[in-house]
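Please have the sequence and the model open while reading.

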Protein chains: 2
Amino acid sequence: MDKLLVPDGRTLKHVQVREYVRSLVTGSAPGSPAPSERELVHQFGVARMTVRQAMDALVVEGLLERIPGRGTFVARPRRAASRIVGFTEEMARRGLLAESVTLLARREQAGPGVARALNLTEGDAVIHWRRLRRADGQPMCLEDAYLNEVLLPGFLQSGMPTSLYDAFEARGLRPTWAEDSISADQASAEEAQHLEVETGGPVLRHSRRALSGEKVVEVSRSVYRSDRFTLWVQLGSD
Amino acid sequence: MDKLLVPDGRTLKHVQVREYVRSLVTGSAPGSPAPSERELVHQFGVARMTVRQAMDALVVEGLLERIPGRGTFVARPRRAASRIVGFTEEMARRGLLAESVTLLARREQAGPGVARALNLTEGDAVIHWRRLRRADGQPMCLEDAYLNEVLLPGFLQSGMPTSLYDAFEARGLRPTWAEDSISADQASAEEAQHLEVETGGPVLRHSRRALSGEKVVEVSRSVYRSDRFTLWVQLGSD
DNA sequence: TAGTGGTCTAGACCACTAT
DNA sequence: TAGTGGTCTAGACCACTAG
């Protein structure tokens, strides 16, 4: 819709009107009136259908709400399901500082499970990244991430970022879809050592397959200390 | 948009066109062409803007996709985040039969926590329903649900349903929004007895606050056997 | 009664795609 | 070159809301 079909300097009229109205109403309280359609027709000297096209977009976006016979008003913001975030942002939400210690970061050949999950062929190159993740200095989680090397060229060489999700963002690969599985279990001896808990103590296992559009960008398995971590999920939308 | 502003027998033209096109393309493979706009203009004898209004609705819905210069095509179905379902449907997804034994079902006065979660005042009447939930005959989960009695008049008297979510559905209270928290823990002695596991064994705790529009319809705490249950969540949308 | 959004017309020109 | 969707015009009548 927003693609430039008119590559000259001029801005589409319905876009002008749309952005003008958006600037007027952003920050306004829900229920505040937006300009009427005929008012905008006079202000911009355009046809009413053009104004309606502009307003339609804002209504679909959930910014405005039309009430026949009354007018157009700022809508109550829609609730939206949980955004897909990584450990760093998840901790930041809790007011905690995320830190990581890389335990392993190397190129591997994809095994059958990882290959299927990443939509690759067995033996293809994948990045395996294992980290102990801390929150405010305390061990929180042990994470094994498998990444498609083709999507992250030079990733291992260019120095690892703190936040994998920031790296996705920088490459235009922000996850838009995630399939998570969550279960309770007992810590293995190795997990217990890293997490500084008793072997056999309760842990939360969290697996994720994250996609950006059609591309699988992350397959990971994480194990969290159950005494420090509760997962929050919001589902649905208005 | 679909409200009847024309209460006489006639159907809005853009609705006629929209439903005609919908009937044509439902079942078609993604990428199949839809009729062109000018073709529909001739078929229905309407203005092009009317056809565009019809098609716009289907595009917003995600059923169609426009490609400038080429035409309008059936879109790849959008992925949608997890629907909000209860235990019965959650088990059905796994091919398991859900059964329940009611351990407690009574009217109570809301304590401070439940009152806040249900958007009520402390002391208001709530329904407290505790069930042992089985899947294919095996203990799976122990659930405490708190419900707003005002939204479910006669619920306790009229015989309890198998599925709470079916009861919501029947009253037009299908949950559209859920706030879940998930954690790992160890079974208490009482929980262990009901679930037939060792005291201190690993369990998954799942709390939910479910809303239908603005109304809080359910507040619940469930504890699952970790050896039989893994939670699946899909997040995001195309 | 005046104003609002909802529907609808009968055209027009544009940029883009495919042949 | 023919066809497609994208933009835009300058009106019209309708049902509904509010003063």
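Which residues does A:Gly236 touch, not counting residues up to four places away in sequence? A:Gly236 touches A:Ala80, A:Ala81, B:Ile84, B:Thr176 and B:Trp177, where contact means heavy atoms within 4.5 Å. A:Gly236 belongs to strand E9 (residues 231-236) of chain A. Its C-alpha is 6.9 Å from that of A:Ala80, although A:Gly236 and A:Ala80 are 156 residues apart in sequence.

This is a predicted model, in which local features need pLDDT of at least 70, side-chain atom pairs count only at pLDDT 80 or more, and totals for chains, interfaces and linings use all residues. Residues are numbered from 1 along each chain as its sequence is written, chains are lettered from A and ligands numbered from 1 in the order in which they are written, and side-chain values use heavy atoms, with hydrogens and water left out.

**Surface near DNA strand C**

A residue is near a strand if one of its heavy atoms lies within 4 Å of it. There are 29 residues around DNA strand C, and A:Arg38, A:Thr72, B:Lys13, B:Ala47 and B:Thr50 come nearest. By class, this surface has 10 nonpolar, 9 polar and 10 charged residues. Here Ala, Val, Leu, Ile, Met, Phe, Trp, Tyr, Cys and Pro count as nonpolar, Asp, Glu, Lys and Arg as charged, and the others, Gly among them, as polar.

Elements of both chains supply at least two residues each: helix H2 (37-44), H3, strand E1 (64-67) and strand E2 (71-74) of chain A, and helix H1 (13-25) and helix H3 (48-61) of chain B. H3(B) gives the most, with 4 residues. Helices (H or I, at least four residues) and strands (E, at least two) are DSSP runs, numbered from the N terminus.

Which part of DNA strand C do the atoms within 4 Å of the protein belong to? Sugar or phosphate accounts for 68% of them, and bases for the rest. The table gives polar contacts, that is, pairs of N or O atoms within 3.5 Å.

| Residue | Protein atom | Atom of DNA strand C | Distance |
|---|---|---|---|
| B:His14 | side-chain N or O | phosphate oxygen | 3.0 Å |
| B:Arg48 | polar side-chain atom | base nitrogen | 3.4 Å |
| B:Gly69 | backbone N or O | sugar or linking oxygen | 3.4 Å |

**Helix packing**

Axes are lines fitted to C-alpha atoms, for helices over the stretch in contact, and angles run from 0 to 180 degrees between N-to-C directions. In chain A, helix H1 (residues 13-25) packs against helix H3 (residues 48-61) at an angle of about 50°, with the axes 8 Å apart. H1(A) and H3(A) are therefore oblique to each other; angles under 35 degrees count as roughly parallel, over 145 as roughly antiparallel, 65 to 115 as roughly perpendicular and the rest as oblique. On the H1(A) side the contact is made by A:Lys13, A:His14, A:Val17, A:Arg18, A:Val21 and A:Arg22, and on the H3(A) side by A:Thr50, A:Gln53, A:Ala54, A:Met55, A:Ala57, A:Leu58 and A:Glu61. These residues divide into 6 nonpolar, 3 polar and 4 charged.

In chain B, the axes of H1(B) and helix H2 (residues 37-44) come within 12 Å and cross at roughly 120°. This angle makes H1(B) oblique to H2(B). B:Gln16, B:Val17, B:Tyr20 and B:Val21 of H1(B) meet B:Leu40, B:Gln43 and B:Phe44 of H2(B). The contact has 5 nonpolar, 2 polar and no charged residues.

H2(B) also packs against H3(B), at about 115° and with axes 9 Å apart. That makes H2(B) roughly perpendicular to H3(B). B:Glu37, B:Arg38, B:Leu40 and B:Val41 of H2(B) make the contact with B:Arg48, B:Val51, B:Arg52 and B:Met55 of H3(B). It has 4 nonpolar, no polar and 4 charged residues.

**Backbone**

Most residues other than glycine have a negative phi. A:Glu196 has a positive phi of about 60° and is found in the loop between helix H7 (189-195) and strand E7 (202-212) of chain A. B:Asp136 has a positive phi of about 50° and sits in the loop between strand E4 (125-135) and strand E5 (138-148) of chain B.

Notes
Polar contact = N/O pair within 3.5 Å; in protein donor to acceptor, adjacent residues only side chain to side chain.
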